[in-house]
Amino acid sequence: MNKKNFIFIPLCLSGLISTTHAAIPNDKTIISWITNLQDSNANPPQAIQIDSTEAVKLISGEEAYLSGVSFENAGRNFWAGYVLTRPKLKQARILKEFGGQSNSFKVHSTVYKGKPIQLIEIESAGSGQGTVESSKSLVYLNQWTSKLITEVEESSYGGRYDEKLGAEDCRTGRDHSGYLNVMPYSPYVIRTTVTGDACNNKPQGYKVSSKLIPVVIGEIK
């Protein structure tokens, strides 16, 4: 085999491999594929901005994309959300169960019954009357449905106003946070919660608790 042929063969193979991966749909395409615009909080419904997009795998192994989006002209507690796109079907849908004031998510890889899978940690948040509340939900995606593994809630409240102090009493407030630690080689999640009042100068008042949560996958459709 001469040198020219030796170079040509791997180039052909490289081109063949690259065609097996679907290209990431652009923002305009994702929005045009959305089939449930009635669930959009934007005004008009198509006024959706794609803030981030990441490749994800459905529990079946199908390649898809999850986007954190912003709904334009929406209310304070309704501007953020998520869109799941499946290029195989040329369709996308708004995941109306999550969002509010957060459109951040993380993709975790782990193993379930010897099979590599992906779990999505997806955030929701809202606020009102001096209170901020949020949640982190760990789910797997089965076609268009998100199936909950576990979730952790967070909240922050400065406390009730005290006339003697002339300010909010941090002892009557709360500062609760939570974390999900997905084990990459084992089907378990460590859910940790940290609870305490709103007094930043009293870290000894915080309580930490952790629980080991098994990953359970239901019937795949």
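The protein chain has two helices and 13 strands, where helices (H or I, at least four residues) and strands (E, at least two) are DSSP runs numbered from the N terminus. Keep in mind that this is a predicted model: local features need pLDDT of at least 70, side-chain atom pairs count only at pLDDT 80 or more, and totals for chains, interfaces and linings use all residues. Residues are numbered from 1 along each chain as its sequence is written, and side-chain values use heavy atoms, with hydrogens and water left out.

How far can you trust it? Mean pLDDT, the predictor's confidence in each residue from 0 to 100, is 88 for the protein chain, with 87% of residues at 70 or more. Residues 1–21 are another story, with pLDDT below 50 and three contacts in the model beyond near neighbours in sequence; a contact means heavy atoms within 4.5 Å.

Start with the open sheet of four strands, ordered 1-2-3-4 and paired antiparallel; two strands pair if DSSP finds at least two bridges between them. Strand 1 (48–57) and strand 4 (91–94) sit at the edges with a single partner strand each, so one side of each has no neighbour in the sheet. From one strand to the next, the twist averages 25°, using lines fitted to C-alpha atoms as axes and angles from 0 to 180 degrees between N-to-C directions. In this sheet, strand 2 (residues 63–71) and strand 3 (residues 80–86) run antiparallel and share six bridges, and Ser70 faces Ala80 in strand 3.

Now for the open sheet of seven strands, which goes 5-6-7-8-11-12-13, again with antiparallel pairing. Its edges are strand 5 (105–112) and strand 13 (207–214), each pairing on one side only. Neighbouring strands here are turned by 20° against each other on average, direction ignored. Strand 7 and strand 8 (residues 145–157) run antiparallel, joined by twelve bridges, with Ser134 opposite Glu154 in strand 8.

While you're there, look at Lys136 in strand 7 (residues 131–142). Is this lysine buried or exposed? Lys136 counts as buried, because its relative accessibility is 12% and the cut-offs are under 20% for buried, over 50% for exposed and partly exposed in between (1.4 Å probe, protein chains only). Its side chain reaches the backbone oxygen of Gly178 at 3.1 Å. Beyond four places away in sequence, Lys136 touches a set of residues including Glu121, Glu123, Glu151, Glu154 and Tyr179.

Zooming out, buried residues make up 37% of the 221 in the protein chain.

Notes:
A polar contact is a pair of N or O atoms within 3.5 Å; within protein, one must be able to donate a hydrogen and the other to accept it, and residues adjacent in sequence count only if both atoms are side-chain atoms.
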